[in-house]
Amino acid sequence: MNCQEALDLLYDIIDKEASEIDAQEVQQHLDGCRDCFKIYRLESSIQALIQERLKNNDQPANTEVLKSRVISKLDAIDREENPGAPPRVYSLVAKVMVAVAAVVIIIGAVSLGSDYYRHVSLYVPFEEAHHELAGQPLPDDPPVSTYLGLDFSDIGARTGYALVSYSKESINDVEMAHFVYSNGNSSVSVFAVPKDDYPIPLDLAENSVTRNGIVYFEHHCRTCHLLFHQVDGAVIITASEQEDIDLFPFSPQEKVSVISLLLP
Amino acid sequence: MADRKKYAQKRKEFEAEALPHMDALYRTALRLAKNQNDAEDLVQEAYAKAYRFWDKFESGSNCRAWLFKIMTNIFINQYRSKSRSPLSANIDDIDENFLYGQLAGSELTENPEQALFAKIFDDDVKKAIENLPDDFRMVAVLSFLEGFSYQEIADIADLQLGTVKSRLHRGRKILQKQLFDYAVKNGYIKENA
Ligand SMILES: [Zn+2]
C-alpha cells in the first residue's frame with residue numbers, strides 16, 4: 001500500500017467503516033511511514049475532540065416536561081383514533097407531572113439560581129409518587145381535603161372538576177400538600193404549604209393580579225401557568241399546563257371572598 | 001372491548017420501544033434546529049408521526065434508526081429552509097489538506113491531543129457544527145453524535161451512500177477550518193503565511 005492508498009482510506013478507518021483487511025494494510029503502512037502516521041494522528045485526534053465535545057453539550061434541562069408533552073400528544077392521538085375509550089388514568093398522571101415539573105422549575109429557579117440543572121434530581125420524588133397513582137381507577141370517595149385549616153373539597157364543585165388525589169410531597173425539602181383536580185380531560189394541581197416554609201418567589205412580584213381583593217402572583221410561560229397567593233397561614237400554588245383553564249377559582253380563599261362580597 | 005385492548009397494547013409497546021430514544025432524538029434535534037423550542041417541537045412531531053405509523057414499523061428492526069428517519073424527514077421538509085448558513089457560499093474554497101498544511105511542523109502535528117483538547121471548548125465545537133450548512137450538518141450530527149454508519153445515514157436521510165461520504169468529508173473540512181480559525185483568532189496557534 002502506498003501513501004495515496006493509505007490516505008484514501010483515512011475517513012473509512014476513522015469512522016470504522018473500513019474492512020479488516022484494509023485496516024491491517026493501513027496499519028502496516030503507518031508503521032513504516034511517519035508522514036501518513038502524523039496525518040492519521042491529527043485527523044483522529046480532531047475527530048475524537050469533536051465527538052467528545054459534542055456529547056458534552058447541553059442535554060435538555062427539562063426532559064420530564066418534554067416527556068410529559070410527548071405523552072399528552074400520544075393521548076390526543078389515542079382519543080382521536082379511538083373516540084369511545086374513556087380517558088386513561090395515566091394521561092391524567094402525565095398532566096399532573098407537567099404541572100409538578102413546572103412548579104419544581106419555578107421553585108428551583110428561585111432558590112438555586114444558576115443551578116438550574118439540579119431539577120432533574122429534584123424531580124425524582126414526584127415521579128415515584130405518581131407512578132403509584134398510574135393504573136389505578138379514580139376514587140369514589142374524595143380523598144383527604146383539608147390542610148392547614150383550609151377546605152379544598154369544594155373547589156371542584158364550582159369548576160366542574162373533582163378532587164381526585166391528595167398526597168404529601170416534598171419539593172426542595174419543603175413539605176407540601178398536593179391536591180389534584182380533574183374533569184376527565186385535564187387536571188389542575190393545587191399545592192399548599194405553610195407560609196413560613198415557602199416565601200412566594202420574589203421575581204414574580206412584578207406580575208401581580210388582584211382579584212376579589214386577593215393578590216395573586218402569576219407565572220405564564222410556554223409550558224405552564226401558575227398562580228401563587230397567600231391565604232391565612234398558607235401559600236397556595238395552583239398549576240396547570242393548559243393555558244385556557246381559569247385557575248382563580250381553584251383557591252380555597254375564593255369561596256370566602258365570594259361570600260364576603262355578598263355581605264353588606 | 002377487544003379494540004380497546006388492542007389499543008392499550010399498541011400504546012404500551014410504543015412507549016416501551018420508542019420513548020427510551022427521547023434523549024438521543026432531542027440532542028440531535030437541538031443540533032439540527034439550533035434552538036430549544038424548535039428542537040422540542042421536532043421531537044414531539046416525530047413521536048406523534050411515529051405513533052400514527054407504528055403498525056408500519058417492523059418489530060425487531062432498528063427502532064432508533066426508524067425514529068431518526070422520521071425526525072430527519074420532518075426537519076428536511078419543515079425546518080430546513082428557515083435559516084441559511086453564511087458558509088454555504090464558500091465551502092468549495094477550502095483546500096483538502098488545509099489543516100495539515102497549516103500545522104505541519106507545529107506542536108499540533110507532534111502532540112495534537114494535548115494541544116487541541118486543552119484549548120478548544122464544548123461551545124466552540126457546538127458553534128462550528130451549527131455553522132455548517134444544513135445538508136452537511138445533518139450527516140455530521142448523525143455520524144459524529146449518534147454514531148450511525150454510512151449505510152444507516154443513507155437510509156435515514158434518503159441519500160446515496162456516496163453522497164453521505166462526500167458530505168461527511170466536506171463537513172469535516174469545514175469544521176476543521178472553523179476550529180483552526182478559532183484557534184488562530186484566540187492566539188492559540190499562528191497562521192502560516
Ligand atoms: Zn505514507
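This passage covers the confidence of a predicted model and the packing of two helices in chain B.

The predictor assigns the complex an ipTM of 0.83 and a pTM of 0.60. Chain A has a mean pLDDT of 69, with 60% of its residues at 70 or more. Helix H1 (residues 3-8) of chain A has the highest mean pLDDT, 94. Helix H7 (residues 119-133) of chain A has the lowest, 30. Over residues 104-142 of chain A, pLDDT stays under 50. The model has 59 contacts beyond four places in sequence for this stretch. Residues 255-264 of chain A also fall below 50. Seven contacts beyond near neighbours in sequence are found there.

Chain B averages a pLDDT of 81, and 73% of its residues score at least 70. Among its elements, helix H10 (residues 150-157) of chain B has the highest mean, 95. The lowest, 60, belongs to helix H6 (residues 107-110) of chain B. The pLDDT is below 50 over residues 85-89 of chain B, a stretch with nine contacts beyond near neighbours in sequence.

Helix H3 (residues 36-52) of chain B packs against helix H4 (residues 63-79) of chain B. Their axes come within 9 Å and cross at roughly 125 degrees. The two helices, H3(B) and H4(B), are therefore oblique to each other. Their crossing is right-handed. On the H3(B) side, the contacting residues include Leu42(B), Val43(B), Ala46(B) and Tyr47(B). H4(B) contributes, among others, Trp66(B), Leu67(B), Ile70(B) and Phe75(B). By class, the contact comprises twelve nonpolar, two polar and four charged residues. Asp38(B) and Lys49(B) of H3(B) also take part.

Notes:
Residues are numbered from 1 along each chain as its sequence is written. Chains are lettered from A and ligands numbered from 1 in the order in which they are written. This is a predicted model: local features need pLDDT of at least 70, side-chain atom pairs count only at pLDDT 80 or more; totals for chains, interfaces and linings use all residues. Side-chain values use heavy atoms; hydrogens and water are left out. pLDDT is the predictor's confidence in each residue, from 0 to 100. Helices (H or I, at least four residues) and strands (E, at least two) are DSSP runs, numbered from the N terminus. Contact means heavy atoms within 4.5 Å. Axes are lines fitted to C-alpha atoms, for helices over the stretch in contact, and angles run from 0 to 180 degrees between N-to-C directions. Angles under 35 degrees count as roughly parallel, over 145 as roughly antiparallel, 65 to 115 as roughly perpendicular and the rest as oblique. A crossing is left-handed if the near helix is turned anticlockwise from the far one by less than a right angle, and right-handed if clockwise. Ala, Val, Leu, Ile, Met, Phe, Trp, Tyr, Cys and Pro count as nonpolar, Asp, Glu, Lys and Arg as charged, and the others, Gly among them, as polar.
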